[in-house]
Amino acid sequence: MSGVMSSLSTPGNVVVSRRAVTEAAWLRGLLIALALAFLGVFLVVPLVLVFQEAFSKGWQAYLAALTEPDAWHAVKLTLIAAGLAVPLNVVFGVAAAWSLTKFHFRGKQVLITLIDLPFAVSPVIAGLIYVLVFGSRGWLGPWLEEHNLSIIYAVPGIVLATVFVTFPFVARELIPLMQEQGVSQEEAALTLGASGWQTFRRVTLPSIKWGLLYGIILCNARAMGEFGAVSVVSGHIRGKTNTLPLHVEILYNEYQFAAAFAVASMLALLAVVTLVAKSFLEFKHQRDRERAAHAAARQEVS
Amino acid sequence: MSRNRVIPGFGLSLGYATLYTSLIVFIPLAALAASGISLGAETFWAVVSHPQAVASYTLSFGASLVAALINLIFGLLVAWVLVRYTFPGKRIADALVDLPFALPTAVAGIALTALYGRNGWFGQHLESWGFKVAYAPAGIVVALTFIGLPFVVRTVQPVLEGLERELEEAAASLGANRWQTFRRVLLPALVPALLTGFALSFARAVGEYGSVVFISGNMPYRTEITPLLIYSKLEQYDYAGASALGMMMLVFSFVLLLAINGLQYWSLRRRGGG
(Lines give C-alpha, C1' and ligand atoms only; values in the text may rest on other atoms or scores of the structure.)
Protein backbone atom coordinates (compact mmCIF):
# COMPACT_ATOMS: atom_id res chain seq x y z
CA MET A 1 0.00 0.00 0.00
CA SER A 2 2.70 2.44 0.96
CA GLY A 3 4.49 1.66 -2.30
CA VAL A 4 1.44 2.75 -4.26
CA MET A 5 1.15 5.91 -2.20
CA SER A 6 4.70 7.07 -2.74
CA SER A 7 4.64 6.36 -6.46
CA LEU A 8 1.61 8.62 -6.73
CA SER A 9 3.24 11.56 -4.99
CA THR A 10 5.46 13.96 -6.86
CA PRO A 11 9.19 13.25 -7.01
CA GLY A 12 10.03 16.26 -4.85
CA ASN A 13 7.72 15.07 -2.10
CA VAL A 14 9.27 11.63 -2.10
CA VAL A 15 12.70 13.06 -1.36
CA VAL A 16 11.39 15.21 1.47
CA SER A 17 9.36 12.45 3.04
CA ARG A 18 12.11 9.87 2.73
CA ARG A 19 14.49 12.08 4.63
CA ALA A 20 11.79 12.76 7.19
CA VAL A 21 10.99 9.10 7.87
CA THR A 22 14.48 7.80 8.32
CA GLU A 23 17.54 8.92 10.22
CA ALA A 24 20.73 10.58 9.05
CA ALA A 25 23.35 8.11 7.84
CA TRP A 26 25.70 8.75 10.77
CA LEU A 27 22.89 8.13 13.26
CA ARG A 28 21.86 4.93 11.50
CA GLY A 29 25.47 3.74 11.60
CA LEU A 30 25.77 4.64 15.27
CA LEU A 31 22.55 2.83 16.22
CA ILE A 32 23.54 -0.28 14.26
CA ALA A 33 26.99 -0.24 15.88
CA LEU A 34 25.49 0.14 19.37
CA ALA A 35 23.00 -2.69 18.83
CA LEU A 36 25.65 -5.01 17.43
CA ALA A 37 28.04 -4.13 20.25
CA PHE A 38 25.36 -5.03 22.78
CA LEU A 39 24.60 -8.35 21.07
CA GLY A 40 28.33 -9.01 20.69
CA VAL A 41 29.17 -8.42 24.34
CA PHE A 42 26.20 -10.28 25.75
CA LEU A 43 25.74 -13.12 23.25
CA VAL A 44 28.66 -13.69 20.89
CA VAL A 45 31.56 -13.35 23.32
CA PRO A 46 30.15 -15.82 25.91
CA LEU A 47 29.38 -18.30 23.12
CA VAL A 48 32.88 -18.03 21.66
CA LEU A 49 34.39 -18.33 25.13
CA VAL A 50 32.64 -21.68 25.71
CA PHE A 51 34.37 -23.23 22.70
CA GLN A 52 37.68 -21.51 23.38
CA GLU A 53 37.80 -22.79 26.96
CA ALA A 54 36.63 -26.24 25.86
CA PHE A 55 39.71 -26.64 23.65
CA SER A 56 42.09 -24.83 26.01
CA LYS A 57 43.78 -28.12 26.91
CA GLY A 58 43.76 -29.49 23.39
CA TRP A 59 41.78 -31.98 21.38
CA GLN A 60 42.70 -34.98 23.44
CA ALA A 61 41.54 -33.51 26.73
CA TYR A 62 38.37 -32.40 24.96
CA LEU A 63 37.59 -35.88 23.68
CA ALA A 64 38.53 -37.44 27.00
CA ALA A 65 36.03 -35.22 28.82
CA LEU A 66 33.29 -36.22 26.41
CA THR A 67 33.97 -39.97 26.40
CA GLU A 68 34.37 -40.39 30.14
CA PRO A 69 31.74 -42.86 31.53
CA ASP A 70 30.04 -40.27 33.76
CA ALA A 71 29.68 -37.92 30.79
CA TRP A 72 28.18 -40.73 28.73
CA HIS A 73 25.77 -41.52 31.46
CA ALA A 74 24.76 -37.87 31.62
CA VAL A 75 24.17 -37.87 27.85
CA LYS A 76 21.97 -40.93 28.15
CA LEU A 77 19.93 -39.51 31.01
CA THR A 78 19.49 -36.21 29.17
CA LEU A 79 18.24 -38.07 26.11
CA ILE A 80 15.84 -40.13 28.23
CA ALA A 81 14.43 -37.04 29.96
CA ALA A 82 13.96 -35.15 26.71
CA GLY A 83 12.79 -38.28 24.89
CA LEU A 84 9.94 -38.68 27.36
CA ALA A 85 9.12 -35.04 28.11
CA VAL A 86 8.89 -33.87 24.51
CA PRO A 87 6.40 -36.51 23.20
CA LEU A 88 4.28 -36.17 26.34
CA ASN A 89 4.06 -32.42 25.89
CA VAL A 90 3.40 -32.76 22.14
CA VAL A 91 0.36 -34.97 22.76
CA PHE A 92 -0.82 -32.61 25.45
CA GLY A 93 -0.15 -29.53 23.32
CA VAL A 94 -2.18 -30.85 20.41
CA ALA A 95 -5.06 -31.96 22.66
CA ALA A 96 -5.10 -28.65 24.54
CA ALA A 97 -4.92 -26.56 21.36
CA TRP A 98 -7.66 -28.64 19.72
CA SER A 99 -10.07 -28.24 22.63
CA LEU A 100 -9.23 -24.57 23.20
CA THR A 101 -9.46 -23.40 19.60
CA LYS A 102 -12.17 -25.55 18.00
CA PHE A 103 -14.77 -25.32 20.74
CA HIS A 104 -16.38 -22.85 23.09
CA PHE A 105 -16.66 -23.77 26.73
CA ARG A 106 -16.59 -22.20 30.14
CA GLY A 107 -13.35 -21.99 32.09
CA LYS A 108 -11.23 -21.61 28.97
CA GLN A 109 -9.28 -18.77 30.52
CA VAL A 110 -8.52 -20.83 33.64
CA LEU A 111 -7.01 -23.60 31.53
CA ILE A 112 -4.95 -21.11 29.50
CA THR A 113 -3.61 -19.49 32.67
CA LEU A 114 -2.66 -22.89 34.10
CA ILE A 115 -0.86 -23.74 30.86
CA ASP A 116 1.12 -20.49 31.10
CA LEU A 117 2.05 -20.92 34.75
CA PRO A 118 5.16 -23.11 34.26
CA PHE A 119 6.69 -20.26 32.22
CA ALA A 120 6.23 -17.85 35.10
CA VAL A 121 7.32 -20.16 37.91
CA SER A 122 10.94 -20.28 39.05
CA PRO A 123 12.69 -23.56 38.10
CA VAL A 124 13.57 -24.07 41.75
CA ILE A 125 9.86 -24.02 42.61
CA ALA A 126 9.20 -26.48 39.79
CA GLY A 127 11.54 -28.88 41.55
CA LEU A 128 10.23 -28.03 45.00
CA ILE A 129 6.59 -28.90 44.22
CA TYR A 130 7.53 -32.44 43.16
CA VAL A 131 9.66 -32.88 46.28
CA LEU A 132 6.56 -31.89 48.29
CA VAL A 133 4.42 -34.49 46.52
CA PHE A 134 6.84 -37.38 46.06
CA GLY A 135 9.67 -36.66 48.53
CA SER A 136 10.21 -38.82 51.62
CA ARG A 137 8.22 -36.33 53.72
CA GLY A 138 5.80 -35.48 50.91
CA TRP A 139 2.18 -36.47 50.31
CA LEU A 140 2.99 -39.75 48.59
CA GLY A 141 6.40 -40.28 50.20
CA PRO A 142 5.46 -42.89 52.83
CA TRP A 143 3.39 -44.88 50.33
CA LEU A 144 6.21 -44.85 47.77
CA GLU A 145 8.71 -45.97 50.39
CA GLU A 146 6.46 -48.83 51.42
CA HIS A 147 6.36 -50.05 47.84
CA ASN A 148 10.06 -49.48 47.35
CA LEU A 149 9.58 -46.88 44.64
CA SER A 150 11.66 -43.78 44.37
CA ILE A 151 10.81 -40.74 42.28
CA ILE A 152 12.77 -37.95 43.92
CA TYR A 153 16.56 -38.39 43.63
CA ALA A 154 15.84 -40.83 40.82
CA VAL A 155 15.12 -40.77 37.08
CA PRO A 156 11.29 -40.36 37.28
CA GLY A 157 11.70 -37.13 39.26
CA ILE A 158 14.05 -35.75 36.62
CA VAL A 159 11.57 -36.61 33.89
CA LEU A 160 8.70 -35.00 35.84
CA ALA A 161 10.63 -31.79 36.48
CA THR A 162 11.58 -31.66 32.79
CA VAL A 163 7.96 -32.19 31.76
CA PHE A 164 6.91 -29.32 34.03
CA VAL A 165 9.37 -26.73 32.73
CA THR A 166 8.65 -27.61 29.08
CA PHE A 167 4.92 -27.99 29.62
CA PRO A 168 3.67 -24.87 27.75
CA PHE A 169 5.99 -24.89 24.72
CA VAL A 170 3.98 -26.87 22.17
CA ALA A 171 0.55 -25.76 23.38
CA ARG A 172 1.59 -22.08 23.38
CA GLU A 173 2.85 -22.39 19.80
CA LEU A 174 -0.25 -24.18 18.49
CA ILE A 175 -3.03 -22.22 20.20
CA PRO A 176 -2.62 -18.91 18.30
CA LEU A 177 -1.94 -20.76 15.05
CA MET A 178 -5.08 -22.91 15.25
CA GLN A 179 -7.12 -19.97 16.49
CA GLU A 180 -6.23 -18.07 13.35
CA GLN A 181 -7.14 -20.98 11.09
CA GLY A 182 -10.64 -21.38 12.49
CA VAL A 183 -12.82 -24.42 11.87
CA SER A 184 -14.20 -24.03 8.34
CA GLN A 185 -11.71 -26.37 6.66
CA GLU A 186 -12.29 -29.13 9.20
CA GLU A 187 -16.04 -28.66 8.90
CA ALA A 188 -15.81 -28.99 5.12
CA ALA A 189 -13.81 -32.20 5.37
CA LEU A 190 -16.21 -33.66 7.90
CA THR A 191 -19.31 -32.86 5.86
CA LEU A 192 -17.61 -34.51 2.87
CA GLY A 193 -17.52 -37.68 4.93
CA ALA A 194 -14.03 -37.74 6.40
CA SER A 195 -13.70 -39.26 9.85
CA GLY A 196 -12.44 -37.20 12.77
CA TRP A 197 -8.98 -38.79 12.65
CA GLN A 198 -8.73 -38.38 8.86
CA THR A 199 -9.69 -34.74 9.20
CA PHE A 200 -7.00 -34.19 11.79
CA ARG A 201 -4.33 -35.99 9.77
CA ARG A 202 -5.16 -34.61 6.32
CA VAL A 203 -6.49 -31.14 7.10
CA THR A 204 -5.33 -29.89 10.49
CA LEU A 205 -1.88 -31.44 10.71
CA PRO A 206 -0.53 -30.13 7.38
CA SER A 207 -1.56 -26.60 8.27
CA ILE A 208 0.08 -26.65 11.70
CA LYS A 209 3.16 -28.71 10.89
CA TRP A 210 5.70 -25.86 10.95
CA GLY A 211 4.29 -24.42 14.15
CA LEU A 212 4.31 -27.87 15.71
CA LEU A 213 7.92 -28.51 14.70
CA TYR A 214 8.89 -25.08 15.99
CA GLY A 215 7.33 -25.89 19.36
CA ILE A 216 9.05 -29.28 19.44
CA ILE A 217 12.47 -27.76 18.77
CA LEU A 218 12.13 -25.16 21.51
CA CYS A 219 10.67 -27.74 23.89
CA ASN A 220 13.59 -30.07 23.19
CA ALA A 221 16.22 -27.37 23.72
CA ARG A 222 14.76 -26.48 27.08
CA ALA A 223 14.29 -30.14 28.06
CA MET A 224 17.93 -30.98 27.38
CA GLY A 225 19.22 -27.80 28.98
CA GLU A 226 17.09 -27.51 32.11
CA PHE A 227 19.19 -27.01 35.18
CA GLY A 228 17.40 -25.55 38.22
CA ALA A 229 14.34 -27.79 38.41
CA VAL A 230 16.30 -30.94 37.61
CA SER A 231 19.00 -29.98 40.11
CA VAL A 232 16.44 -29.84 42.94
CA VAL A 233 15.02 -33.32 42.30
CA SER A 234 18.15 -35.12 41.12
CA GLY A 235 20.17 -35.51 44.31
CA HIS A 236 23.36 -35.19 42.23
CA ILE A 237 24.32 -38.83 42.29
CA ARG A 238 27.26 -39.00 39.93
CA GLY A 239 26.84 -41.51 37.14
CA LYS A 240 23.23 -42.06 38.22
CA THR A 241 21.05 -38.98 38.33
CA ASN A 242 23.19 -36.45 36.51
CA THR A 243 22.01 -34.87 33.31
CA LEU A 244 24.42 -32.97 31.06
CA PRO A 245 23.86 -29.53 32.67
CA LEU A 246 24.31 -31.07 36.13
CA HIS A 247 27.47 -32.80 34.96
CA VAL A 248 28.78 -29.41 33.81
CA GLU A 249 28.13 -28.01 37.28
CA ILE A 250 29.94 -30.86 39.05
CA LEU A 251 33.00 -30.57 36.83
CA TYR A 252 33.04 -26.81 37.27
CA ASN A 253 32.79 -27.04 41.05
CA GLU A 254 35.67 -29.51 41.03
CA TYR A 255 37.77 -26.92 39.18
CA GLN A 256 37.97 -29.14 36.09
CA PHE A 257 37.26 -26.09 33.95
CA ALA A 258 38.37 -27.45 30.58
CA ALA A 259 36.25 -30.58 31.04
CA ALA A 260 33.28 -28.52 32.24
CA PHE A 261 33.49 -26.33 29.15
CA ALA A 262 33.99 -29.35 26.90
CA VAL A 263 30.68 -30.81 28.08
CA ALA A 264 29.13 -27.33 27.97
CA SER A 265 30.26 -26.98 24.36
CA MET A 266 28.02 -29.91 23.41
CA LEU A 267 25.07 -28.07 24.91
CA ALA A 268 26.14 -24.85 23.21
CA LEU A 269 26.28 -26.69 19.91
CA LEU A 270 22.77 -27.94 20.55
CA ALA A 271 21.71 -24.32 21.10
CA VAL A 272 23.28 -23.21 17.82
CA VAL A 273 21.59 -26.07 15.93
CA THR A 274 18.31 -25.09 17.59
CA LEU A 275 18.69 -21.49 16.41
CA VAL A 276 19.46 -22.56 12.84
CA ALA A 277 16.49 -24.95 12.75
CA LYS A 278 14.28 -22.26 14.23
CA SER A 279 15.24 -19.69 11.59
CA PHE A 280 14.68 -22.28 8.87
CA LEU A 281 11.19 -23.06 10.17
CA GLU A 282 10.31 -19.39 10.44
CA PHE A 283 11.34 -18.97 6.82
CA LYS A 284 9.24 -21.98 5.74
CA HIS A 285 6.24 -20.79 7.70
CA GLN A 286 6.51 -17.31 6.22
CA ARG A 287 6.72 -18.74 2.68
CA ASP A 288 3.70 -20.99 3.19
CA ARG A 289 1.75 -18.02 4.44
CA GLU A 290 2.68 -15.89 1.48
CA ARG A 291 1.69 -18.69 -0.90
CA ALA A 292 -1.65 -19.07 0.85
CA ALA A 293 -2.22 -15.32 0.63
CA HIS A 294 -1.38 -15.39 -3.09
CA ALA A 295 -3.73 -18.30 -3.70
CA ALA A 296 -6.51 -16.51 -1.84
CA ALA A 297 -5.92 -13.33 -3.82
CA ARG A 298 -5.98 -15.24 -7.11
CA GLN A 299 -9.25 -16.91 -6.14
CA GLU A 300 -10.79 -13.57 -5.33
CA VAL A 301 -9.82 -12.21 -8.73
CA SER A 302 -11.25 -15.18 -10.65
CA MET B 1 -23.21 -24.15 19.22
CA SER B 2 -23.65 -26.12 15.99
CA ARG B 3 -19.90 -26.30 15.45
CA ASN B 4 -19.62 -28.34 18.63
CA ARG B 5 -21.65 -31.06 16.95
CA VAL B 6 -19.75 -31.09 13.67
CA ILE B 7 -16.17 -31.25 14.95
CA PRO B 8 -15.43 -34.34 17.00
CA GLY B 9 -13.07 -34.96 19.85
CA PHE B 10 -14.22 -32.28 22.29
CA GLY B 11 -14.61 -34.61 25.26
CA LEU B 12 -11.41 -36.51 24.55
CA SER B 13 -9.13 -33.53 23.93
CA LEU B 14 -10.46 -31.37 26.75
CA GLY B 15 -10.60 -34.31 29.15
CA TYR B 16 -7.02 -35.28 28.42
CA ALA B 17 -5.73 -31.70 28.54
CA THR B 18 -7.46 -31.08 31.86
CA LEU B 19 -6.27 -34.34 33.41
CA TYR B 20 -2.68 -33.79 32.31
CA THR B 21 -2.66 -30.16 33.45
CA SER B 22 -4.05 -31.20 36.83
CA LEU B 23 -1.44 -33.92 37.32
CA ILE B 24 1.58 -31.95 36.17
CA VAL B 25 0.75 -28.40 37.18
CA PHE B 26 -2.27 -28.01 39.39
CA ILE B 27 -1.89 -30.75 42.02
CA PRO B 28 1.84 -30.18 42.66
CA LEU B 29 1.24 -26.43 42.97
CA ALA B 30 -1.62 -27.16 45.34
CA ALA B 31 0.82 -29.25 47.38
CA LEU B 32 3.03 -26.19 47.67
CA ALA B 33 0.12 -24.04 48.78
CA ALA B 34 -1.01 -26.68 51.30
CA SER B 35 2.49 -27.01 52.69
CA GLY B 36 2.79 -23.24 53.05
CA ILE B 37 -0.60 -22.91 54.72
CA SER B 38 0.03 -25.79 57.12
CA LEU B 39 2.79 -23.73 58.70
CA GLY B 40 0.31 -21.41 60.35
CA ALA B 41 0.37 -17.64 60.05
CA GLU B 42 2.98 -17.00 62.72
CA THR B 43 5.63 -19.43 61.51
CA PHE B 44 4.95 -18.45 57.92
CA TRP B 45 5.53 -14.82 58.76
CA ALA B 46 8.67 -15.63 60.76
CA VAL B 47 10.14 -17.42 57.72
CA VAL B 48 9.24 -14.89 55.07
CA SER B 49 10.20 -11.85 57.15
CA HIS B 50 13.55 -13.25 58.31
CA PRO B 51 16.30 -10.71 57.53
CA GLN B 52 18.10 -13.19 55.28
CA ALA B 53 14.88 -13.68 53.28
CA VAL B 54 14.27 -9.94 53.07
CA ALA B 55 17.84 -9.37 51.88
CA SER B 56 17.27 -11.99 49.18
CA TYR B 57 14.06 -10.30 47.97
CA THR B 58 15.78 -6.95 47.78
CA LEU B 59 18.59 -8.43 45.74
CA SER B 60 16.35 -10.57 43.50
CA PHE B 61 13.95 -7.75 42.73
CA GLY B 62 16.59 -5.06 42.51
CA ALA B 63 18.88 -6.97 40.17
CA SER B 64 15.92 -8.15 38.06
CA LEU B 65 14.64 -4.60 37.78
CA VAL B 66 18.00 -3.24 36.65
CA ALA B 67 18.42 -6.11 34.16
CA ALA B 68 14.90 -5.59 32.78
CA LEU B 69 15.58 -1.86 32.38
CA ILE B 70 18.80 -2.56 30.46
CA ASN B 71 16.85 -4.96 28.27
CA LEU B 72 14.08 -2.40 27.80
CA ILE B 73 16.47 0.17 26.36
CA PHE B 74 18.72 -2.12 24.37
CA GLY B 75 15.82 -4.36 23.35
CA LEU B 76 14.11 -1.39 21.74
CA LEU B 77 17.37 -0.43 20.06
CA VAL B 78 17.98 -3.95 18.71
CA ALA B 79 14.37 -4.32 17.53
CA TRP B 80 14.56 -0.92 15.82
CA VAL B 81 17.81 -1.71 14.05
CA LEU B 82 16.57 -5.15 12.95
CA VAL B 83 13.26 -3.84 11.59
CA ARG B 84 14.25 -0.50 10.08
CA TYR B 85 17.80 -0.85 8.76
CA THR B 86 19.64 -3.18 6.43
CA PHE B 87 23.21 -4.20 7.16
CA PRO B 88 25.39 -7.23 6.49
CA GLY B 89 24.82 -10.09 8.92
CA LYS B 90 21.36 -8.87 9.85
CA ARG B 91 19.75 -12.32 9.61
CA ILE B 92 22.43 -13.82 11.82
CA ALA B 93 21.98 -11.05 14.38
CA ASP B 94 18.24 -11.66 14.29
CA ALA B 95 18.61 -15.41 14.85
CA LEU B 96 21.19 -14.83 17.58
CA VAL B 97 18.75 -12.81 19.69
CA ASP B 98 17.10 -16.09 20.72
CA LEU B 99 20.34 -17.59 22.01
CA PRO B 100 19.38 -17.11 25.68
CA PHE B 101 16.25 -19.21 25.03
CA ALA B 102 18.29 -22.00 23.47
CA LEU B 103 21.47 -22.00 25.55
CA PRO B 104 21.17 -23.98 28.81
CA THR B 105 21.37 -21.62 31.78
CA ALA B 106 24.21 -23.56 33.38
CA VAL B 107 26.33 -23.03 30.25
CA ALA B 108 25.53 -19.33 30.27
CA GLY B 109 26.38 -19.24 33.96
CA ILE B 110 29.87 -20.72 33.67
CA ALA B 111 30.64 -18.76 30.50
CA LEU B 112 29.70 -15.43 32.08
CA THR B 113 31.57 -16.28 35.26
CA ALA B 114 34.72 -17.11 33.30
CA LEU B 115 34.30 -13.94 31.28
CA TYR B 116 33.81 -11.56 34.20
CA GLY B 117 36.00 -13.37 36.74
CA ARG B 118 39.31 -11.90 37.87
CA ASN B 119 41.24 -13.52 35.02
CA GLY B 120 38.46 -13.30 32.44
CA TRP B 121 38.54 -11.39 29.15
CA PHE B 122 36.32 -8.64 30.57
CA GLY B 123 36.90 -9.23 34.25
CA GLN B 124 40.61 -8.42 34.30
CA HIS B 125 40.03 -4.97 32.77
CA LEU B 126 36.94 -4.21 34.84
CA GLU B 127 38.73 -5.22 38.02
CA SER B 128 41.71 -3.02 37.25
CA TRP B 129 39.28 -0.11 36.98
CA GLY B 130 37.90 -1.09 40.38
CA PHE B 131 34.75 -2.81 39.09
CA LYS B 132 34.00 -6.17 40.63
CA VAL B 133 31.42 -8.04 38.56
CA ALA B 134 31.70 -11.77 39.23
CA TYR B 135 30.80 -12.73 42.83
CA ALA B 136 29.09 -9.36 43.30
CA PRO B 137 25.57 -8.03 42.65
CA ALA B 138 26.75 -6.60 39.29
CA GLY B 139 27.42 -10.16 38.11
CA ILE B 140 23.85 -11.11 38.93
CA VAL B 141 22.63 -8.19 36.82
CA VAL B 142 24.83 -9.36 33.92
CA ALA B 143 23.42 -12.91 34.10
CA LEU B 144 19.84 -11.67 34.35
CA THR B 145 20.34 -9.30 31.43
CA PHE B 146 21.52 -12.22 29.33
CA ILE B 147 18.54 -14.37 30.36
CA GLY B 148 15.95 -11.67 29.63
CA LEU B 149 17.49 -10.29 26.46
CA PRO B 150 15.11 -11.79 23.85
CA PHE B 151 11.85 -10.74 25.48
CA VAL B 152 11.72 -7.01 24.69
CA VAL B 153 13.17 -7.52 21.20
CA ARG B 154 10.62 -10.19 20.34
CA THR B 155 7.60 -8.31 21.68
CA VAL B 156 8.54 -4.98 20.06
CA GLN B 157 9.65 -6.36 16.67
CA PRO B 158 6.23 -7.40 15.31
CA VAL B 159 4.59 -4.17 16.48
CA LEU B 160 7.30 -2.10 14.83
CA GLU B 161 6.90 -4.09 11.61
CA GLY B 162 3.16 -3.51 11.65
CA LEU B 163 3.34 0.26 12.13
CA GLU B 164 2.22 2.18 9.09
CA ARG B 165 4.84 4.44 7.60
CA GLU B 166 2.10 6.91 6.62
CA LEU B 167 1.86 8.01 10.25
CA GLU B 168 5.48 9.07 10.27
CA GLU B 169 5.15 10.69 6.85
CA ALA B 170 2.15 12.61 8.10
CA ALA B 171 4.02 13.74 11.21
CA ALA B 172 6.98 14.82 9.08
CA SER B 173 4.82 16.70 6.61
CA LEU B 174 3.24 18.53 9.54
CA GLY B 175 6.70 19.78 10.42
CA ALA B 176 7.81 17.36 13.12
CA ASN B 177 11.49 16.54 13.18
CA ARG B 178 12.64 12.95 13.48
CA TRP B 179 13.04 13.00 17.24
CA GLN B 180 9.60 14.55 17.73
CA THR B 181 8.07 11.93 15.45
CA PHE B 182 9.74 9.21 17.46
CA ARG B 183 8.67 10.61 20.82
CA ARG B 184 5.14 11.64 19.91
CA VAL B 185 4.11 9.12 17.24
CA LEU B 186 6.23 5.98 17.43
CA LEU B 187 6.92 5.62 21.12
CA PRO B 188 3.27 5.80 22.26
CA ALA B 189 2.40 3.05 19.79
CA LEU B 190 5.20 0.89 21.16
CA VAL B 191 4.47 1.40 24.86
CA PRO B 192 2.23 -1.66 25.40
CA ALA B 193 4.72 -3.96 23.68
CA LEU B 194 7.63 -2.42 25.55
CA LEU B 195 5.87 -2.88 28.88
CA THR B 196 4.95 -6.48 28.02
CA GLY B 197 8.54 -7.28 27.11
CA PHE B 198 9.79 -5.55 30.24
CA ALA B 199 7.39 -7.52 32.45
CA LEU B 200 8.28 -10.84 30.77
CA SER B 201 11.97 -10.17 31.14
CA PHE B 202 11.49 -9.12 34.78
CA ALA B 203 9.39 -12.20 35.59
CA ARG B 204 11.95 -14.50 34.04
CA ALA B 205 14.78 -12.79 35.91
CA VAL B 206 13.13 -13.01 39.34
CA GLY B 207 12.82 -16.80 39.06
CA GLU B 208 16.16 -17.45 37.37
CA TYR B 209 18.52 -19.84 39.08
CA GLY B 210 20.96 -21.64 36.77
CA SER B 211 22.95 -18.77 35.37
CA VAL B 212 23.03 -16.74 38.60
CA VAL B 213 24.21 -19.52 40.90
CA PHE B 214 27.64 -19.60 39.26
CA ILE B 215 28.35 -15.89 38.96
CA SER B 216 26.84 -14.66 42.23
CA GLY B 217 29.09 -16.41 44.75
CA ASN B 218 26.00 -17.10 46.90
CA MET B 219 26.95 -15.24 50.05
CA PRO B 220 24.00 -14.97 52.44
CA TYR B 221 22.74 -11.37 52.86
CA ARG B 222 25.01 -10.18 50.04
CA THR B 223 24.67 -12.17 46.83
CA GLU B 224 21.99 -14.73 47.67
CA ILE B 225 18.89 -14.53 45.47
CA THR B 226 15.54 -15.88 46.68
CA PRO B 227 15.49 -19.04 44.50
CA LEU B 228 18.91 -19.91 45.90
CA LEU B 229 17.69 -19.42 49.47
CA ILE B 230 14.82 -21.82 48.74
CA TYR B 231 17.32 -24.28 47.31
CA SER B 232 19.55 -24.17 50.36
CA LYS B 233 16.55 -24.61 52.68
CA LEU B 234 15.63 -27.72 50.70
CA GLU B 235 19.16 -29.05 51.01
CA GLN B 236 18.82 -28.74 54.79
CA TYR B 237 15.48 -30.63 54.56
CA ASP B 238 13.66 -27.51 55.76
CA TYR B 239 10.62 -28.25 53.56
CA ALA B 240 8.37 -25.90 55.50
CA GLY B 241 10.71 -22.94 55.13
CA ALA B 242 11.24 -23.69 51.45
CA SER B 243 7.47 -23.89 50.93
CA ALA B 244 6.80 -20.59 52.64
CA LEU B 245 9.34 -18.77 50.48
CA GLY B 246 8.17 -20.73 47.44
CA MET B 247 4.62 -19.59 48.08
CA MET B 248 5.69 -15.96 48.28
CA MET B 249 7.38 -16.31 44.90
CA LEU B 250 4.46 -18.19 43.42
CA VAL B 251 1.97 -15.50 44.43
CA PHE B 252 4.26 -12.90 42.95
CA SER B 253 4.64 -14.84 39.68
CA PHE B 254 0.91 -15.26 39.46
CA VAL B 255 0.25 -11.54 39.91
CA LEU B 256 2.89 -10.76 37.31
CA LEU B 257 1.40 -13.30 34.91
CA LEU B 258 -2.02 -11.65 35.23
CA ALA B 259 -0.42 -8.25 34.63
CA ILE B 260 1.36 -9.57 31.54
CA ASN B 261 -1.87 -11.05 30.15
CA GLY B 262 -3.57 -7.72 30.76
CA LEU B 263 -0.76 -5.89 28.98
CA GLN B 264 -0.87 -8.26 26.03
CA TYR B 265 -4.61 -7.77 25.73
CA TRP B 266 -4.11 -4.01 25.78
CA SER B 267 -1.32 -4.30 23.22
CA LEU B 268 -3.46 -6.40 20.86
CA ARG B 269 -6.38 -4.01 21.16
CA ARG B 270 -4.11 -1.08 20.42
CA ARG B 271 -2.76 -2.83 17.34
CA GLY B 272 -6.18 -4.03 16.20
CA GLY B 273 -7.97 -0.75 16.83
CA GLY B 274 -5.10 1.42 15.55
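Predicted model: local features only at pLDDT ≥ 70, side-chain atom pairs only at ≥ 80, totals over all residues.
Let's look at how chain A is divided. The domain assignment gives domain 1, covering 2-42, and domain 2, covering 57-301. If you take the C-alpha centres of domain 1 and domain 2 of chain A, they lie 40 Å apart.

Now please find two helices in chain A: helix 5, residues 69-102, and helix 12, residues 196-225. Their axes come within 9 Å and cross at roughly 145°, and the crossing of helix 5 and helix 12 of chain A is right-handed. Which residues meet there? From helix 5 of chain A we have Thr78(A), Ala81(A), Ala82(A), Ala85(A), Val86(A), Asn89(A), Val90(A) and Gly93(A). Facing them from helix 12 of chain A are Gly215(A), Ile216(A), Cys219(A), Asn220(A), Ala223(A) and Met224(A). Sorted by class, this contact has nine nonpolar and five polar residues, with no charged ones.

On to chain B. Here domain 1 runs over 1-38 and domain 2 over 41-273. The centres of domain 1 and domain 2 of chain B, taken over C-alpha atoms, are separated by 31 Å. Where these domains touch, four residues of domain 1 of chain B are in contact with eight residues of domain 2 of chain B. The domain 1 side of that contact in chain B has two nonpolar and two polar residues, and no charged ones.

Is Pro8(B) buried, exposed or partly exposed? Pro8(B) has 17 other C-beta atoms within 10 Å, so it counts as partly exposed. From its C-alpha atom to that of Ser22(B), 14 residues apart along the chain, the separation is 23 Å.

Chain B has a helix pair to show you as well. Helix 4 (residues 51-84) and helix 11 (residues 178-207) of chain B have axes that come within 8 Å and cross at roughly 145°. Helix 4 of chain B passes helix 11 of chain B in a right-handed crossing. Among the residues making the contact are Phe61(B), Leu65(B) and Asn71(B) of helix 4, along with Leu194(B), Phe198(B) and Phe202(B) of helix 11. By class, the contact has eleven nonpolar, six polar and no charged residues.

Next, helix 13 of chain B, residues 226-235, is mostly covered, with eight of its ten residues buried. The buried ones include Pro227(B), Tyr231(B) and Lys233(B). After helix 13 of chain B comes Tyr237(B), whose phi is positive, near 60°.

Finally, how many residues does each chain bring to the contact between them? Chain A contributes 78 residues and chain B contributes 75. On the chain A side, the largest share, 16 residues, comes from helix 3 (residues 25-54) of chain A. That side of chain A divides into 59 nonpolar, nine polar and ten charged residues.

Conventions:
Residues numbered from 1 in each chain as written. Chains lettered and ligands numbered in written order. Axes fitted to C-alpha atoms, helices over the stretch in contact; angles between N-to-C directions. Helix = DSSP H or I, 4+ residues; strand = E, 2+ residues; numbered from the N terminus. Left-handed = near helix turned anticlockwise from the far one by under 90°. Contact = placed C-beta atoms within 7 Å. Nonpolar A, V, L, I, M, F, W, Y, C, P; charged D, E, K, R; others polar. Domains from an automatic or database assignment. Buried ≥ 20, exposed ≤ 12 C-beta atoms within 10 Å, placed from the backbone.
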